[in-house]
Amino acid sequence: METIVFASNNEHKLQEIRNILSGHFEIKSLHDIGCEADIPETGLTFEENALQKAEYVKAHYGLDCFADDSGMEVEALGGEPGIYSARYAKMHGREVTPDTRDDINMDVLIERLEALKPQYGTLAGARILSPAQFRTCIALIYKGETHYFDGIVRGNIIDQKRGTEGFGYDPIFVPDGFDKTYAQLGNETKNGISHRARAVQKLEAFFNSLK
Ligand code: IMP
């Protein structure tokens, strides 16, 4: 079976992607190829950041590779935090640790949206602070060519944290068509409908089209 690198060491993402692509490739992580570097992400778009990671692996290890970059884009903030989703609280001068980062990122987002005096109505008994979307971009370097796959899920940010599963902004994001947050829906349901799942499904369709 062909080997391809997924430029990540996130076990959760690796498992999800191995499940979907198991018929096509043996998927290797950064760790599997001996890459322990903190690959720079200095792009200004999800596409640039994803490509930077894939190009790093191609340049240093000569292996075909794909990489992803994701984040939350909030309409009332003109698309913020976007590529800064993981670093949002820090960018606003807040102290975070790996354990508190997700929680404080959400606090900062809620504070900034409340300051705009939102008038979007209510959803499942919570106030809507803004429409928003999660977006994932996958960049693939395969047989000398670069391809991009995009996954978007639209929904709303609410004013209170609900649910305990997932990570990041999951407790305040209600995807369209549901009345629960990603965190309340739980990993199994979320992984079937998520922005990342949609991008990976497009990647799989691309590999299927080559058969
Ligand atoms: P990454 O590029 O997938 O590592 O995501 C960067 C940041 O975007 C994460 O640290 C989270 O803050 C946010 N994010 C990305 N995907 C999700 C998700 O599925 N749920 C909640 N937050 C997410």
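Contact here means heavy atoms within 4.5 Å. The model is predicted: local features need pLDDT of at least 70, side-chain atom pairs count only at pLDDT 80 or more, and totals for chains, interfaces and linings use all residues. Residues are numbered from 1 along each chain as its sequence is written, and side-chain values use heavy atoms, with hydrogens and water left out.

View 1. Ile-158 is buried, at 1% relative accessibility; buried means under 20% relative accessible area, exposed over 50%, and partly exposed in between (1.4 Å probe, protein chains only). Apart from neighbours within four places in sequence, Ile-158 is in contact with Ile-110, Leu-123, Ala-126, Arg-127, Leu-129, Ile-172, Val-174 and Thr-181.

**View 2. Lys-190 in helix H5.** Helix H5 spans residues 182-193 and contains Lys-190. Lys-190 has a relative accessible area of 3% and therefore counts as buried. Not counting residues up to four places away in sequence, Lys-190 touches Phe-167, Asp-170, Tyr-182 and Arg-196.

**View 3. Packing of helix H1 with helix H6.** Two packed helices are described by the angle between their axes and the distance between the axes. For H1 (residues 11-21) and H6 (residues 195-210), the angle is about 35° and the axes are 10 Å apart. Axes are lines fitted to C-alpha atoms, for helices over the stretch in contact, and angles run from 0 to 180 degrees between N-to-C directions. On the H1 side, Lys-13, Glu-16, Ile-17, Ile-20 and Leu-21 meet Arg-196, Ala-197, Val-200, Leu-203, Glu-204 and Phe-207 of H6.

**View 4. The cis peptide bond between Glu-80 and Pro-81.** Omega for this bond is about -5°. Pro-81 is placed in the loop between strand S3 (65-74) and helix H3 (88-91).

**View 5. Positive phi at Ala-124.** Ala-124 is not a glycine, yet its phi is positive, about 50°. The residue Ala-124 sits in the loop between strand S4 (122-123) and strand S5 (126-142). With a relative accessible area of 42%, Ala-124 is partly exposed.

**View 6. Positive phi at Lys-143.** Lys-143, also not a glycine, has a positive phi of about 50°. The loop between S5 and S6 holds Lys-143, which is exposed at 60% relative accessibility.

Notes:
Helices (H or I, at least four residues) and strands (E, at least two) are DSSP runs, numbered from the N terminus.
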